[in-house]
Amino acid sequence: PVHEDSPVHLESEKKKWDDEKRRLMIRLEGLEHDNLAQAGEIEKLKMEQEELGRKYNDALAENQIHLAENQKIKSSLMLGTTEVEYEKKIAQLQAELNTKTQSFGELKQTCKTLETKYEEENQKLKDELDLLNERVYQMSKNEASLENYKKKFESYTDLKKRNKELDALVNQYEDKANSYDTMT
């Protein structure tokens with residue numbers, strides 16, 4: 001069995017931490033890329049929202065034009081336009097306005113929904129990025145600790161070797177002392 005303080009075990013642990021660090025760094029790069037892509041999507045949605053706003057304003061302007069036309073129709077009643085034709089035209093214009101207003105409202109709601117979705121996804125990615133940064137930081141601390149333990153283990157190995165040498169020296173001195181005792 002490999003002892004927890006053995007160099008083999010320490011190297012194995014260091015390799016695992018290095019592999020995990022590489023994996024997290026790759027994931028971190030992917031998240032940063034995704035974050036940039038979503039920022040682009042949000043910008044695109046904002047531009048679409050502005051375009052929809054312009055279309056809405058155009059529809060309002062068109063409505064004003066239709067209202068002006070209605071006024072002309074009213075005034076043309078005196079020139080022979082019947083009231084039925086006038087009412088039909090007003091109903092047609094009102095239906096067009098209602099359709100365009102409804103379409104604009106639906107588009108505006110879709111934009112809000114997408115914007116909320118992308119903001120939530122962006123926040124999730126930021127949270128995951130923070131978590132990965134914390135893991136990378138923790139791994140760096142663990143690597144430093146691992147190096148420290150490795151140095152201590154090497155020092156301990158040197159001390160064991162020195163202790164064996166001293167034991168051998170003590171045994172030699174004891175043998176010499178015993179041989180002097182037997183000589184006397």
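A residue counts as buried under 20% relative accessible area, as exposed over 50%, and as partly exposed in between (1.4 Å probe, protein chains only). Alanine 68 has a relative accessible area of 40% and is therefore partly exposed. This residue is found in helix α1.

The structure is a predicted model, in which local features need pLDDT of at least 70 and side-chain atom pairs count only at pLDDT 80 or more, while totals for chains, interfaces and linings use all residues. Residues are numbered from 1 along each chain as its sequence is written, and side-chain values use heavy atoms, with hydrogens and water left out.

**Overall form**

The protein has two helices and zero strands. Both kinds of element are DSSP runs numbered from the N terminus: helices are H or I of at least four residues, strands are E of at least two. The radius of gyration is 42 Å, well over the 16 Å that the globule rule gives for 184 residues, so the protein is more spread out than a compact globule. Here the radius is taken over C-alpha atoms, and the globule rule is 2.2 Å times the number of residues to the power 0.38. The C-alpha trace spans about 155 × 25 × 15 Å along its principal axes.

Of the 184 residues, 16% count as buried. The protein exposes about 14300 Å², of which carbon and sulfur atoms supply 55%; accessible areas come from the Shrake-Rupley method with a 1.4 Å probe, and for residues only the protein chains shown count as cover. A contact means heavy atoms within 4.5 Å. Among contacts between residues at least 6 apart in sequence, 81% join residues at least 24 apart.

There are 31 positive and 40 negative side chains, and the centres of the two sets lie 1 Å apart. Lys and Arg count as positive and Asp and Glu as negative, with His and the chain ends not counted. Each charge is placed at NZ of Lys, CZ of Arg, CG of Asp or CD of Glu.

**Nonpolar core**

A nonpolar core is a set of buried Ala, Val, Leu, Ile, Met, Phe, Trp, Tyr and Cys residues joined through side-chain atoms within 4.5 Å. The largest one has eight residues: Leu24, Leu28, Leu31, Leu125, Leu129, Leu132, Val136 and Met139. The elements that give two or more residues to this core are α1 and α2, and α2 gives the most, with five residues. Leaving aside neighbours within four places in sequence, valine 136 is in contact with Leu24 and Met25.

Histidine 66 is in helix α1, which covers residues 7-76. Its relative accessibility is 15%, so histidine 66 counts as buried. Not counting residues up to four places away in sequence, histidine 66 touches Leu93 and Glu96.

Asparagine 122 lies in helix α2, residues 83-183. With 13% relative accessibility, asparagine 122 also counts as buried. Beyond residues up to four places away in sequence, asparagine 122 touches Asn35 and Gln38.

**Partly exposed positions and separations**

Glutamine 71 lies in helix α1 and is partly exposed, with a relative accessible area of 49%. Leucine 131, found in helix α2, counts as partly exposed at 46% relative accessibility.

| Pair | Apart in sequence | C-alpha to C-alpha |
|---|---|---|
| Glutamine 71 and tyrosine 86 | 15 residues | 9.9 Å |
| Alanine 68 and glutamate 115 | 47 residues | 37 Å |
| Leucine 131 and leucine 28 | 103 residues | 9.7 Å |
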